[in-house]
Amino acid sequence: MKTLNTVEEVRAWRKQNDVRNESVGFVPTMGCLHAGHASLVERSVRDNKFTVVSIFVNPSQFAPSEDLDKYPRTLEKDKQLLESLGVDAVFVPQAQDIYPRGIPLDVSKQTGPFISVLGLSEKLEGKTRPNFFRGVATVVGKLFNIVQPTKAYFGQKDYQQFVVLQTMVKELFFDIELVMMPIKRSDTGLALSSRNKYLSAESVAIASNIYKGLKTGSEAIQKGKESPNSGDIITRDVVINAIQEVWEPFYKTKDFKLDYISIADAETLDEVETLSGCKANLVISCAVYVTDRVDSSVTVRLIDNVLVPAQ
């Protein structure tokens with residue numbers, strides 16, 4: 001496995017391996033790799049002649065108040081994992097390679113080209129993190145131009161990110177196929193995330209109830225779709241109340257603090273109010289702040305979602 005640190009090295013590697021007519025899979029990451037990342041890499045290795053993984057903690061998707069400096073970095077361990085999975089090259093750039101003009105966290109001070117996918121980026125996660133998807137779309141667009149992959153792989157846990165990037169690829173005419181892989185979960189259902197490392201084992205176990213709540217909401221929607229003539233009108237409020245009942249004990253103990261719950265059309269991300277008779281694919285998503293029971297100064301924002309297919 002080659003370690004490439006600059007744009008020039010990536011392009012030289014491609015030229016040396018003459019991969020213009022070969023399938024190149026790409027998995028962009030911020031490192032601190034776990035089994036969820038591994039599932040993306042394994043799929044890419046199966047699908048493609050070559051696989052490239054990037055490890056870059058992207059400053060432009062962090063607000064000044066967020067955890068850029070504290071974001072876990074485990075580069076050597078990550079590289080060992082990637083080599084064991086059969087990755088051909090890992091791209092580990094520095095911020096100045098990706099942002100030659102510099103990248104202050106204050107958006108008003110940033111200069112240079114950026115990509116905004118309007119109409120999707122402002123919803124759900126975008127309400128709490130208004131410049132997050134601008135940063136994601138920009139860095140992924142740059143990485144796509146550097147690596148020139150045939151296919152790129154992303155996890156469903158960041159569902160809105162996938163929808164934003166799919167729109168970017170389609171409407172900016174990137175010749176790349178995006179593949180979304182299912183969420184990788186622990187045995188208790190918690191979506192795997194690099195930020196889970198911040199939490200004690202006790203709080204990780206408690207955080208598994210995030211998924212339990214979402215599953216309860218999904219089951220309520222499915223029940224309404226399967227019994228459309230029962231007379232029960234399944235509304236957004238009914239489903240959210242079902243989810244909140246699961247989480248209520250953890251609000252009371254201050255383990256959870258809700259950021260948002262969304263029930264949206266899976267394509268447009270528009271909120272759906274009446275679910276009875278709804279013909280669209282739906283995504284139930286959320287962000288929950290989890291405060292650690294061992295160290296109450298630690299609070300981690302976790303996201304998760306479940307897809308509810310149209311009947």
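**Aromatic rings and a link onward**

Reply: Phe 256 is buried, at 4% relative accessible area. Buried here means under 20%; exposed means over 50%, and partly exposed lies in between (1.4 Å probe, protein chains only). This is a predicted model, where local features need pLDDT of at least 70, side-chain atom pairs count only at pLDDT 80 or more, and totals for chains, interfaces and linings use all residues. Residues are numbered from 1 along each chain as its sequence is written, and side-chain values use heavy atoms, with hydrogens and water left out.

Now the pairs. A pair of aromatic rings is described by the distance of the centres and the angle of the planes. Rings of Phe, Tyr and Trp (its six-membered ring) pair if their centres lie within 6.5 Å; planes under 30 degrees apart are stacked, over 60 edge-to-face, the rest tilted. That rule gives 9 aromatic pairs. One of them joins Phe 154 and Phe 162: the centres are 6.4 Å apart and the planes stand at 70 degrees, so this pair is edge-to-face. Phe 154 is buried, at 4% relative accessibility. Phe 162 is buried too, with 9% relative accessible area.

Phe 256 pairs with Phe 250. Their centres lie 5.2 Å apart and their planes meet at 40 degrees, so this pair is tilted. Phe 250 counts as buried, at 16% relative accessibility. There is also an aromatic cluster, made up of Phe 26, Phe 144 and Phe 174.

Some rings carry a charge over the face. The rule asks for NZ of Lys or CZ of Arg within 6 Å of the ring centre and within 35 degrees of the ring normal. Arg 134 puts its charged end over the ring of Phe 114, 3.9 Å from the centre. Arg 185 lies over the face of Tyr 211, at 3.6 Å from the ring centre.

Where does Arg 185 lead? It is in contact with Asn 305. Contact means heavy atoms within 4.5 Å. Neighbours within four places in sequence aside, the contacts of Asn 305 also include Tyr 159, Ile 183, Leu 214 and Val 283. Asn 305 sits in strand S9, residues 299–308. Strands are DSSP runs of E, at least two residues, numbered from the N terminus. At 2% relative accessibility, Asn 305 counts as buried. Its side chain reaches the backbone oxygen of Lys 157 at 3.1 Å. Lys 157 is among the contacts of Asn 305 as well, as is Gln 156.

Key:
Helix = DSSP H or I, 4+ residues; strand = E, 2+ residues; numbered from the N terminus. Polar contact = N/O pair within 3.5 Å; in protein donor to acceptor, adjacent residues only side chain to side chain.
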